[in-house]
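Student: I have a model open and would like to talk it through with you. Could we go from single residues to the overall picture?

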Amino acid sequence: MRKIERNTLVIGTKITIAAILAILVAEGMELQFSSTAGIITILSIQKTKKETLKTAARRGMAFCIALLISFACFYLAGFRVFSFAVYLLVFSMVCLYFGWTEAIAMDSVLITHFLTEGSMSGAVLVNEILLFAIGTCFGVLANLHLRNKREEFETLAASVDLEIRGILKRMAERLVKEDKSDYNSKCFDKLDIEVEYAKQSAFRNYNNQLIHASYYEIDYIKMRENQIEVLKHVYESIKMVEMIPSQTKKIADLIMKIEEGYHKNNTVKTFLKELADLFKEMENEELPSNRDEFEARAVLFYIMKQLEEFLTLKEKFMERYQVKGGNLGE
């Protein structure tokens, strides 16, 4: 709670300072409607650097179109409310078509100044362009200080890792038990929430990188999401194992090894080798003696294939980023 309050205070202070500075600059340049520069600044500030720049670009293009539409409306029908209504209808349709909805209100505030002045002379036009430029620039400048929150992401990613470790441990324990009536999927509910938090952090960090942006954190979370989907299939399979063949313990032991060997620099190649050896060992064993054992071993085989997919996802991720260092989790 304290962290949230502190962040809110920082953001509020940043917005206030940027808006006041924009107004002071506009006043210093003796622009009319100088307070509008502060409003534009407030509306220009977004959550990340990239969002701020993209929004500024969209609003800039929209403002140019707004000037053209308003010029046609005011000079064809006069500087009156009816003309502004026609402008607003046409401009809104254009913005909605191009997905510039955030520009409708801000740009239209500037256009109302033409209506108030009853003119679109060069001086009035320059006044509005400068208000737009000053407000937008201070909005962009206010967000240039934003930095990647690497520690935040690592903390959230570690929470995801911890939840997955717990799930793997429970899988190893429950696989060898015939009674699975109390084994449920509630653990995945918390994990999904943790992943979502980490994903949001990863995208915020990415959007705060203007140069040499890295997809590392986003790819990491995507890999985790894929692994979680695999684990959900493993969970469903474990629930189906009612008979416990002799091979069950070997698979459970391997799952436990994966959990215990859970380390950020683990390439999982050793685990994949052990799994491949286990596949060969099971191929050389005698065929099932009855239908129940056949069905149980078929499910176990499917679990092993899912574990292979789980490990392969990490292996591919490590192969892509291993040379860059800073790898997270298994």
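**Talking through the model**

Tutor: Leaving aside its neighbours within four places in sequence, Gln 306 is in contact with Val 230, His 233 and Val 234. The model is a predicted one, and Gln 306 itself lies in helix H12.

Student: Is Gln 306 buried or exposed?

Tutor: Gln 306 is buried, since its relative accessible area is 13% and the cut-off for buried is under 20%.

Student: Let's step back a bit. How many helices and strands does the protein have?

Tutor: There are twelve helices and zero strands in the protein. Of its 330 residues, 45% are buried. If you take the contacts between residues at least 6 apart in sequence, 79% of them join residues at least 24 apart.

Student: Which residues touch the most other members in the largest nonpolar core?

Tutor: That core has 52 residues, and the ones touching the most other members are Ile 164, Met 171, Leu 175, Phe 188, Ile 251 and Ile 303. Two or more residues each are given to this core by helix H7 (150–175), helix H8 (186–207), helix H9 (216–240), helix H10 (247–260), helix H11 (269–283) and helix H12 (291–321). The largest share, eleven residues, comes from H9.

Student: Take Ile 251 then, what is it in contact with?

Tutor: Setting aside neighbours within four places in sequence, Ile 251 is in contact with Leu 175, Leu 278, Leu 300, Ile 303, Met 304 and Leu 307. There is also a second, separate core of 30 residues, which includes Phe 114, Leu 131, Ile 134 and Phe 138. As general background, nonpolar side chains in soluble globular proteins tend to be buried together.

Student: Switching to aromatics, how many aromatic pairs does a search of the whole structure find?

Tutor: The search finds 15 aromatic pairs. In one of them, the rings of Phe 71 and Tyr 75 have their centres 4.7 Å apart and their planes at 40 degrees, so this pair is tilted. Phe 71 and Tyr 75 are four residues apart in helix H3 (residues 49–77), and are therefore separated by about one helical turn.

Student: How accessible are Phe 71 and Tyr 75?

Tutor: Phe 71 counts as partly exposed at 43% relative accessibility, and Tyr 75 is partly exposed as well, with a relative accessible area of 46%. Tyr 216 and Phe 317 make another pair, whose ring centres are 5.5 Å apart and whose planes are at 45 degrees, so that pair is tilted. This pair links distant parts of the chain, with Tyr 216 in helix H9 and Phe 317 in helix H12, 101 residues apart. Tyr 216 is buried at a relative accessible area of 7%, and Phe 317 is buried at 5%.

Student: Back to Phe 71, which residues form one aromatic cluster with it?

Tutor: Phe 71, Phe 74, Tyr 75 and Phe 79 form one aromatic cluster. As for Phe 79, its C-alpha atom is separated by 8.3 Å from that of Thr 116, although the two residues are 37 apart along the chain. Thr 116 is found in helix H5 (residues 101–117), and Thr 116 is exposed, with a relative accessible area of 58%.

Student: What does the side chain of Ser 83 reach?

Tutor: The side chain of Ser 83 reaches the backbone oxygen of Ala 77 at 3.4 Å. Ser 83 lies in helix H4 and is buried, with a relative accessible area of 0%. Beyond neighbours within four places in sequence, Ser 83 is in contact with Cys 73, Phe 74, Ala 77 and Gly 78.

Student: Last topic, where is confidence lowest and where is it highest?

Tutor: Confidence is lowest in helix H1 (residues 2–28), with a mean of 76, and highest in helix H4 (residues 81–98), at 94. Over residues 323–330 the pLDDT is below 50, and beyond near neighbours in sequence this stretch has 31 contacts in the model. Where pLDDT is low, the predicted coordinates should not be read in detail. For the protein, the mean pLDDT is 84, and 88% of the residues reach 70 or more.

Note on methods
Residues are numbered from 1 along each chain as its sequence is written. This is a predicted model: local features need pLDDT of at least 70, side-chain atom pairs count only at pLDDT 80 or more; totals for chains, interfaces and linings use all residues. Side-chain values use heavy atoms; hydrogens and water are left out. A nonpolar core is a set of buried Ala, Val, Leu, Ile, Met, Phe, Trp, Tyr and Cys residues joined through side-chain atoms within 4.5 Å. Buried means under 20% relative accessible area, exposed over 50%, partly exposed in between (1.4 Å probe, protein chains only). Contact means heavy atoms within 4.5 Å. pLDDT is the predictor's confidence in each residue, from 0 to 100. A polar contact is a pair of N or O atoms within 3.5 Å; within protein, one must be able to donate a hydrogen and the other to accept it, and residues adjacent in sequence count only if both atoms are side-chain atoms. Rings of Phe, Tyr and Trp (its six-membered ring) pair if their centres lie within 6.5 Å; planes under 30 degrees apart count as stacked, over 60 as edge-to-face and the rest as tilted.
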